[in-house]
Amino acid sequence: MKPLTIVSVSAEVSPYSKSGGLGDVAAALPKHVAKFGHRVVIVTPFWGFMKRQDIPYKEIGGSDIRIGPDTYHLKFKHSRLRQNLDAYFLCNEEMFGRYQTRMYAHDNDALRFFVFDRGVPLLLKAINLIPDVIHCHDWHTGLIPNILKLELGHDPIAKAATVYTIHNLPFQMQGNWWMVPDDKVDEGRGPLPTTSSQVRWLNFTKRAIMYADAINTVSVRYAEEILTPEFGQGLDRLLRRRQKYVYGIINGIDYAVYNPQFDQHLWHKYDWNSLDRKMKNKRELQKLVGLEHRDDIPIIGLVHRLTEQKGFNLIREVLPVLMQLPLQMVIVGSGDRDYINFFHKMEKRFPKKIGIFTPFTEELGSRVYAGSDMFLMPSRYEPSGISQLISLRYGSIPIVHKTGGLSDTVEDFDPRSGHGTGFVFSRYTREDLLIAIVRALETFKYPQTWEHLTWQAMQESYSWDIPAEKYVQLYRRAILNHKRSQPE
Ligand code: GLC
C-alpha cells in the first residue's frame with residue numbers, strides 16, 4: 001500500500017513543549033508512524049519559552065488571519081526532527097509568544113486556538129502540502145475538521161481526511177463546558193463566528209466530533225466509557241450518534257526513554273535479572289526522603305499531577321488509615337495547591353513514613369519509579385495513562401482503579417494462578433482502594449511471589465510499535481470515510 005502523508009497537529013509536542021501525556025504522544029506517535037515509511041509533519045504553536053531552547057529554525061513566510069476588524073499575522077518556522085519528520089511552528093507574539101510558562105487556562109484560550117486552527121490550512125498551503133490525513137489532538141485543534149468540511153469544500157486542502165483524538169474529554173473549550181450559560185451553548189452546526197467575542201463560546205471538541213472523518217480516544221475501554229452519560233462529559237449522545245466513527249487505541253511508551261537499564265537518573269541501573277540493584281535504589285530513595293531504612297516495608301510511589309482526576313481526593317481520605325499500616329509513601333508531582341499543602345502537613349506529622357517532592361522533575365520521577373515497590377494510580381477516570389506503563393517497566397507494581405487505559409493495561413494479580421501484573425479495584429470508593437492496597441501489602445510479605453509478580457510486570461511490553469500500526473489503519477479508515485462522505 002502506498003505510504004501516507006500525515007500532518008499531526010497538537011498544542012504541545014515534547015521536547016519543545018509539554019504539560020502532560022499529550023506532549024509525549026504528539027512526539028512519540030509521529031516518530032513511530034514515520035518509522036514505517038510514512039511521511040509525518042508536525043504542526044504546533046511557537047510558545048514563548050521555546051525562544052530559550054537551542055533549536056535551529058528556518059523562517060518560511062507567513063499569512064494573515066482576519067476575524068472581524070482584527071488581523072493576526074502568523075509567521076511560519078520550520079525545523080527538522082529527523083528523516084521523514086518535519087516540524088512547523090505557527091508564531092504570533094500576542095497569541096503564543098508571550099506565554100513563557102503556562103500554555104493554557106488564560107482568558108483568551110478560545111481566540112488563540114481559533115487563530116491557530118485557522119492558521120494550519122494556511123501553513124499547509126504555504127508549504128504546498130496536501131496531506132492524506134490531518135491528525136488533530138485534543139480540543140485546541142478541534143476546529144480544523146470543521147473548517148475543512150464546511151468552509152474549504154472546494155479547496156484542494158479539503159482532499160485531506162481528518163482524524164480527531166480525544167486525550168481528555170472534560171477539556172472541550174475555553175473554561176469548563178458545564179459552566180456555559182444556556183443561551184451560549186454551541187450546538188456546533190452554525191458557521192464559525194466572524195467576531196472575536198463570539199469565539200469565546202465555541203465548543204471545539206463537539207465540532208471535532210461532528211466533522212472529523214474518524215474519532216478515536218487513547219484506550220479501548222475509554223472509547224466505550226465515553227459513550228455513557230457517566231464519562232461522556234455532555235457529549236455522550238453525540239458520540240453515540242457518531243459511534244461508527246469512534247475507535248480506541250492505547251498509547252505506548254518509548255522504551256528508549258523509559259527503561260531502568262539505561263535511565264541516567266537512577267542511582268543504580270537494573271533490569272528484571274538484577275532486582276538486587278532495584279533494592280539499592282530503594283535504599284537510596286529512603287535516604288533521600290528521610291524514611292526509615294527498611295527493606296521489608298514497601299514504598300508506594302506516586303508520580304502524577306496532583307489533581308482530582310488522578311484520584312487524590314480518595315487518597316487524601318484514606319491517608320490517615322494508610323499511615324497506620326506497614327508502608328512508606330513518596331509523591332512527586334505538581335498540581336493543585338490544596339493537595340500539595342495536605343501532603344506537606346502529613347510529611348511533617350509522619351516524616352519517617354511519607355515524603356512529597358514538588359514540582360515534578362524527570363530525575364525525581366525516575367528515582368521514585370525505580371525505588372518504589374508499588375505504584376499507586378487510583379484515577380477516577382483515565383483515558384490512557386502513561387505512568388502505569390512506566391511503573392510496570394520499572395518493576396513498581398501498579399495499584400489502579402479499573403477504568404480507561406488502566407483497565408486495558410494492568411491485569412489483576414491472582415495469587416492462585418500467579419497471573420497478573422498489579423492490583424485492580426472496580427468501585428471508586430475508599431473501601432475498595434484500601435482493600436487493593438492491603439492485598440498488595442499482604443502479597444509483599446511473600447518475597448518469592450512478589451519477585452514473580454515483579455518479573456511479570458517488567459516483561460510486559462507497551463511499546464509504540466503496535467499502537468502506531470493501528471493509527472496507520474485508522475488513517476486509512478479515515479481516508480475511506482472521507483471519500484464516502486464526498487459528493488460525487
Ligand atoms: C491525557 C490523559 C491521559 C493520557 C494522555 C495522553 O493526559 O489524562 O490518560 O495518557 O492524555 O493521551
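Start by selecting strands 13 and 14 (residues 397-401): they run parallel and are joined by four bridges. Strands here are DSSP runs (E, at least two residues) and helices are runs of H or I with at least four, numbered from the N terminus; two strands pair if DSSP finds at least two bridges between them. The model is predicted, with local features needing pLDDT of at least 70 and side-chain atom pairs pLDDT 80 or more, while totals for chains, interfaces and linings use all residues. Residues are numbered from 1 along each chain as its sequence is written, and side-chain values use heavy atoms, without hydrogens and water.

Show Met-377 next; opposite this residue, in strand 14, stands Val-400.

Now select strand 10 (residues 299-303), which pairs with strand 13 in the parallel sense over two bridges. Ile-300 has Met-374 of strand 13 as its bridge partner.

Display the side chains of residues 374-377. Met-374 and Leu-376 on one side of strand 13, and Phe-375 and Met-377 on the other, are all buried (under 20% relative accessible area, 1.4 Å probe, protein chains only).

Zoom out and colour domain 1 (5-252 + 465-485) and domain 2 (275-458); the bounds come from an automatic or database domain assignment. Their centres, taken over C-alpha atoms, are 34 Å apart.

Finally, select Glu-362 and Lys-18, whose side chains meet in a salt bridge (4.0 Å, N to O), defined as a side-chain nitrogen of Lys or Arg within 4 Å of a carboxyl oxygen of Asp or Glu.

Notes: Buried means under 20% relative accessible area, exposed over 50%, partly exposed in between (1.4 Å probe, protein chains only).
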